[in-house]
Amino acid sequence: MWGTLIRALFVAALLSVAGCGGGGSDGDGDPATAVPANALFYAEAVVRPEGSLRSDALDAAGKVLRTDDPEARLRELMRSAFEDEGEDFDYERDVEPWLGERAGYWVEATSEKDNFGVLLLEATDFDAARDSLRASLERGGRTVSERSHRGVEYLVNSEGVAAGVVGDFAAVGREPDLRRTIDASEGSSLADSDEYRDAVDGLEDERLAHFWADTRGLMRG
């Protein structure tokens with residue numbers, strides 16, 4: 001199912017701390033600019049940290065995983081996650097060549113069981129990202145069709161997984177949610193929300209991650 005691809009990409013992005021063409025992001029993109037203003041939950045992470053941030057991340061991973069070699073353990077966990085899902089997916093081949101510094105993930109309030117949200121991965125090479133997304137959507141003999149929304153081209157496979165480059169980010173999710181992502185990037189987004197800005201403006205600039213939730217929306221749910 002389409003959630004398998006989301007999980008595989010999410011694991012790859014979060015574990016890319018273990019790793020070190022066409023136009024691409026210059027690293028200044030904000031994933032929140034492609035998140036709907038009414039999102040229920042949003043998470044953002046520096047997935048390719050450098051310097052002290054990278055050292056701190058590996059240090060923390062070593063303690064959590066109880067290992068002196070967190071890089072090797074993280075890669076082992078990543079390979080295992082993909083094998084368990086039965087996906088022909090390889091991080092070094094499919095993601096690492098174009099993955100930028102930041103990633104985001106948003107989800108909306110819904111009663112649907114298969115609500116895996118939208119994953120946003122900063123792309124340093126848009127052409128390579130598009131090729132990778134197409135290959136991922138086609139795996140398992142799935143058919144893929146080309147579509148567009150507000151001038152942004154994207155792909156949808158026979159299981160309803162949609163993917164495309166939105167702004168500086170490769171975006172993957174259900175088609176309705178991908179279209180909402182495009183709408184947000186072209187109009188009012190979470191980044192424009194006073195509530196969100198008030199919550200994150202006081203955070204340290206040098207941080208690995210932050211999370212935001214619409215508490216009123218959670219209480220209504």
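Predicted model: local features only at pLDDT ≥ 70, side-chain atom pairs only at ≥ 80, totals over all residues.
Arginine 93 forms a salt bridge with aspartate 94, and the closest N and O atoms of the two are 2.9 Å apart. Side chains of opposite charge can pair when their charged atoms come close. Across the whole structure, a search finds 15 salt bridges.

The side chains of arginine 102 and glutamate 44 meet in a salt bridge, with an N to O distance of 2.5 Å. Arginine 102 belongs to strand β2 (residues 99-107) and glutamate 44 to strand β1 (residues 41-46), so this pair ties together parts that are 58 residues apart in sequence. Glutamate 44 has a relative accessible area of 7% and is therefore buried, the limit for that class being under 20%.

A further pair is found in a helix. Arginine 130 is placed in helix α5, which covers residues 126-138. Its side chain meets that of aspartate 127 in a salt bridge of 3.5 Å, N to O. Because aspartate 127 and arginine 130 are three residues apart in helix α5, about one helical turn separates them. Aspartate 127 has a relative accessibility of 42% and counts as partly exposed; arginine 130, with a relative accessible area of 39%, is also partly exposed. Salt bridges can also be linked to one another: those that share partners join Glu108, Arg174, Asp177 and Arg180 into one network.

The C-alpha atoms of arginine 130 and valine 165 are separated by 6.9 Å, although the two residues are 35 residues apart along the chain.

What kind of charge gathers in the surface patch that contains Glu50 and Glu101? The patch is one of negative charge, and its members are Glu50, Glu101, Glu204, Asp205 and Glu206. Of the members, glutamate 206 is found in the loop between α7 (194-200) and β8 (209-213).

How values were computed. Residues numbered from 1 in each chain as written. Heavy atoms only, no water. Helix = DSSP H or I, 4+ residues; strand = E, 2+ residues; numbered from the N terminus. Patch = residues over 30% accessible without salt bridge, like charges linked within 9 Å, V, L, I, M, F, W, Y side chains within 5 Å. Areas by Shrake-Rupley, 256 points an atom, 1.4 Å probe, with all protein chains shown as cover. Salt bridge = Lys/Arg side-chain N within 4 Å of Asp/Glu carboxyl O. Lys, Arg positive; Asp, Glu negative; His and termini not counted. Charge placed at Lys NZ, Arg CZ, Asp CG, Glu CD. Buried < 20%, exposed > 50% of the residue type's maximum accessible area, 1.4 Å probe, protein only.
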